[in-house]
Amino acid sequence: MSVELVAEKIKGDKRKQIMENVMRNKKHMESKEMYHPTSLPFLFSEWNRYFPNIKQSITCMGCRKAVTKFWTQVTKHWGE
């Protein structure tokens, strides 16, 4: 499923929650060079909701980068 398809499926409060968590995580990464302790698990839980067959581990550095990048792209799509 593409960024665009996922972005179009998400509406209302869930969209707002994802946007807030992406921004919170981004700011935390910029200031502390660490993922935000509650935003990252939230983004992973949303990943698992839309991609249950594509396993990503929160303990894997590449997986963390992939999941946060995906949700960042989704929020950028909403901003267009």
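User: In which helix does Thr68 lie?

Analyst: Thr68 lies in helix 4, which covers residues 61–79. A helix here is a DSSP run of H or I with at least four residues, numbered from the N terminus. This is a predicted model, in which local features need pLDDT of at least 70 and side-chain atom pairs count only at pLDDT 80 or more, while totals for chains, interfaces and linings use all residues. Residues are numbered from 1 along each chain as its sequence is written, and side-chain values use heavy atoms, with hydrogens and water left out.

User: Why is Thr68 called buried?

Analyst: Buried means a relative accessible area under 20%, exposed means over 50%, and partly exposed is the range in between, for a 1.4 Å probe and protein chains only. Thr68 has a relative accessible area of 13%, so the residue is buried.

User: What does Thr68 touch, not counting residues up to four places away in sequence?

Analyst: Thr68 touches Asn25, Tyr35, Leu40 and Leu43, where contact means heavy atoms within 4.5 Å.

User: What makes the approach of Arg64 to the side chain of Thr68 a polar contact?

Analyst: A polar contact is a pair of N or O atoms within 3.5 Å; within protein, one must be able to donate a hydrogen and the other to accept it, and residues adjacent in sequence count only if both atoms are side-chain atoms. The backbone oxygen of Arg64 lies 2.9 Å from a polar atom of the Thr68 side chain, so the distance falls within the limit of that definition.

User: How do you know that Thr75 is buried, and which residues does Thr75 touch?

Analyst: Thr75 also belongs to helix 4. Its relative accessible area is 14%, and therefore Thr75 is buried. Setting aside residues up to four places away in sequence, Thr75 touches Ile18, Met19 and Val22. A polar atom of its side chain lies 2.8 Å from the backbone oxygen of Thr72.

User: Why is helix 2 called oblique to helix 4?

Analyst: Helix 2 and helix 4 pack at about 120 degrees, with their axes 10 Å apart. That angle makes helix 2 oblique to helix 4, because angles under 35 degrees count as roughly parallel, over 145 as roughly antiparallel, 65 to 115 as roughly perpendicular and the rest as oblique. Axes are lines fitted to C-alpha atoms, for helices over the stretch in contact, and angles run from 0 to 180 degrees between N-to-C directions. Arg15, Ile18, Met19, Val22 and Asn25 of helix 2 make the contact with Thr68, Trp71, Thr72, Thr75 and Trp78 of helix 4.

User: What makes helix 3 roughly perpendicular to helix 4?

Analyst: The axes of helix 3 and helix 4 come within 10 Å and cross at roughly 80 degrees, so helix 3 is roughly perpendicular to helix 4. The residues in contact include Leu40, Leu43 and Trp47 of helix 3 and Val67, Thr68 and Trp71 of helix 4.

User: How do you know that the span of helix 3 is close to the one expected?

Analyst: The expected span of a helix is 1.5 Å times one less than its number of residues. Helix 3 (residues 39–50) has twelve residues and reaches 17 Å from its first C-alpha to its last, close to the expected 16 Å. Its buried residues, among them Phe42 and Phe44, pack against helix 1 (3–9), helix 2 (12–32) and helix 4.

User: Why is Glu33 counted as exposed?

Analyst: Glu33 has a relative accessibility of 69%, so the residue counts as exposed. Glu33 lies in the loop between helix 2 and helix 3 and has a positive phi of about 55 degrees although it is not a glycine.

Note on methods
Helices (H or I, at least four residues) and strands (E, at least two) are DSSP runs, numbered from the N terminus.
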